[in-house]
Amino acid sequence: MFPETERTLHAFHALKHAHALFGRPAELPPGEFFVLDRVGHLRDQTGEVNVSDLHAGVRLTMSAVSQIVAQLERKGLVTRVMSAADRRRIVVSITPEGEALLGRAHRMMDEIIGELMERMGERDAEQLVELLLKLGRVIEQMRLEKAASSEEEDTCLD
């Protein structure tokens with residue numbers, strides 16, 4: 001293994017631990033937190049949220065999103081009701097308990113990120129954010145290229 005590969009894998013492993021830090025404030029597994037957070041965010045933007053909206057925003061399968069929404073509903077953090085405008089759509093709403101949990105989690109994450117950035121220093125922290133955003137764009141581009149390549153291979157086999 002190349003030294004760059006090993007260092008990069010160690011960095012990704014460290015990020016995995018950071019991810020766990022952010023899941024704890026929400027008292028939820030990371031997937032549930034991100035779906036709950038997305039419900040709150042989309043509700044603020046569009047007013048009405050359905051599972052398809054969530055699926056597009058969290059990059060999980062439709063089935064996984066549906067399962068997570070069901071788990072959040074069992075925990076009393078969201079509700080699902082039929083849309084008054086379109087009876088084929090199920091609207092997901094955040095409950096007061098979900099709002100309270102999300103508020104606590106956001107405050108705790110602000111504190112955690114604030115401390116991380118303070119420990120790193122302003123310049124390094126800004127650089128890190130820019131590099132992480134760039135990394136996300138590159139990964140997404142590679143993912144899309146790989147998906148397109150797989151579709152082309154599938155087409156060639158027909």
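**Where two helices meet**

Mentor: Gladly. Gly-31, Glu-32, Val-35 and Leu-36 of H2 meet Ile-68, Val-69, Gln-71 and Leu-72 of H4. Keep in mind that this is a predicted model.

Trainee: What makes up the contact of H2 with H4, by class?

Mentor: Five nonpolar, two polar and one charged residues. Gly counts as polar in this scheme.

Trainee: Why are H2 and H4 called roughly perpendicular?

Mentor: Their axes come within 10 Å and cross at roughly 85°. Angles of 65 to 115 degrees count as roughly perpendicular, so H2 and H4 are given that description.

Trainee: Glu-32 is found in helix H2. Why does Glu-32 count as buried?

Mentor: The cut-off for buried is under 20% relative accessible area. Glu-32 has 7% relative accessibility, so Glu-32 counts as buried.

Trainee: And which residues does Glu-32 touch, not counting those up to four places away in sequence?

Mentor: Ile-68, Gln-71, Leu-72 and Lys-75. Leu-72, for its part, is in contact with Leu-28, Glu-32, Val-35, Leu-36, Leu-77 and Val-78, leaving aside neighbours within four places in sequence.

Trainee: How do you know that the span of H4 is close to the expected one?

Mentor: H4 has 13 residues, and at 1.5 Å a residue 18 Å is expected. From first C-alpha to last, H4 reaches 18 Å. H5 passes the check too: with 25 residues, H5 reaches 36 Å, close to the 36 Å expected.

Trainee: Which residues of H4 are buried, and what covers them?

Mentor: The buried ones are Val-65, Ile-68, Val-69, Ala-70 and Leu-72. Their cover includes H2, H3, strand E2 (78–82) and E3. In H5, the buried residues are Gly-98, Leu-101, Leu-102, Gly-103, Ala-105, Met-109 and Ile-112.

Trainee: What follows H4 and H5?

Mentor: Just after H4, Gly-76 takes a positive phi of about 80°. After H5 comes Gly-121, with a positive phi near 95°.

Trainee: What makes a set of residues a nonpolar core?

Mentor: The residues must be buried, come from the nonpolar types listed for a core, and be joined through side-chain atoms within 4.5 Å. The largest such core here has 22 residues, and those with the most contacts inside it are Leu-28, Val-35, Leu-36, Leu-54, Val-69, Leu-72 and Val-92. Two or more residues each come from helix H2 (30–46), helix H3 (51–58), helix H4 (62–74), strand E3 (90–94) and helix H5 (96–120). H2 gives the largest share, five residues.

Note on methods: Residues are numbered from 1 along each chain as its sequence is written. This is a predicted model: local features need pLDDT of at least 70, side-chain atom pairs count only at pLDDT 80 or more; totals for chains, interfaces and linings use all residues. Side-chain values use heavy atoms; hydrogens and water are left out. Buried means under 20% relative accessible area, exposed over 50%, partly exposed in between (1.4 Å probe, protein chains only). Helices (H or I, at least four residues) and strands (E, at least two) are DSSP runs, numbered from the N terminus. Contact means heavy atoms within 4.5 Å. The expected span of a helix is 1.5 Å times one less than its number of residues. Axes are lines fitted to C-alpha atoms, for helices over the stretch in contact, and angles run from 0 to 180 degrees between N-to-C directions. Angles under 35 degrees count as roughly parallel, over 145 as roughly antiparallel, 65 to 115 as roughly perpendicular and the rest as oblique.
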